[in-house]
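Dear colleague,

I am handing over the structure that we spoke about, and I would be grateful if you could look through it slowly.

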Amino acid sequence: AAIDGGVGSVTVTAFDATGAKVGQPPTAADGTSSVPTPGAGNYRIEFTGLPAGFASGPHGATSGTAVQ
């Protein structure tokens with residue numbers, strides 16, 4: 001189980017199935033974010049702008065990449 005807390009001010013960008021950007025809110029201090037999307041469907045989410053000293057972890061069975 002992960003023991004890390006959330007990270008604030010990370011940019012969360014959502015793209016729809018056509019590749020159009022539909023939202024780009026930053027994360028709150030606790031790492032949460034809410035991307036308003038235009039409706040049901042598949043979306044690609046990218047996390048960018050990690051603060052200094054942070055990096056994406058390795059991809060594995062319980063850990064995704066910076067693109068979901």
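A charge is said to sit over a ring if NZ of Lys or CZ of Arg is within 6 Å of the ring centre and within 35 degrees of the ring normal. By that rule, the charged end of R44 sits over the ring of F15, 4.2 Å from its centre.

Before going further, please keep in mind that this is a predicted model, in which local features need pLDDT of at least 70 and side-chain atom pairs count only at pLDDT 80 or more, while totals for chains, interfaces and linings use all residues. Residues are numbered from 1 along each chain as its sequence is written, and side-chain values use heavy atoms, with hydrogens and water left out.

Turning to the sheet, strands are DSSP runs (E, at least two residues) numbered from the N terminus, and two of them pair if DSSP finds at least two bridges between them. Here 3 strands make an open sheet in the order β2-β1-β3, and their pairing is antiparallel. Because β2 (21-23) and β3 (44-48) each have a single partner strand, they stand at the edges, and one side of each is left without a neighbour in the sheet. From one strand to the next the twist averages 35°, where axes are lines fitted to C-alpha atoms and angles run from 0 to 180 degrees between N-to-C directions.

Strand β1 (residues 11-15) is joined to β3 by 5 bridges; T11, for instance, has T48 as its bridge partner in β3. Between β1 and β2 there are 2 bridges, and A14 stands opposite G23 in β2. These two strands, β1 and β2, form a hairpin with 5 residues between them, and G19 in the turn has a positive phi of about 95°.

How many of the 5 residues of β1 are buried? The count is 4, so β1 is largely enclosed by the rest of the structure; buried means under 20% relative accessible area, using a 1.4 Å probe and protein chains only.

T13, which lies in β1, is buried, with a relative accessible area of 5%, and stands opposite E46 in β3. Its side chain makes a polar contact with the side chain of Q24 at 3.1 Å, a polar contact being a pair of N or O atoms within 3.5 Å, where within protein one must be able to donate a hydrogen and the other to accept it, and residues adjacent in sequence count only if both atoms are side-chain atoms. Leaving aside residues up to four places away in sequence, T13 touches K21, G23, Q24, R44, I45 and E46, where contact means heavy atoms within 4.5 Å.

With best wishes

Methods. Buried means under 20% relative accessible area, exposed over 50%, partly exposed in between (1.4 Å probe, protein chains only).
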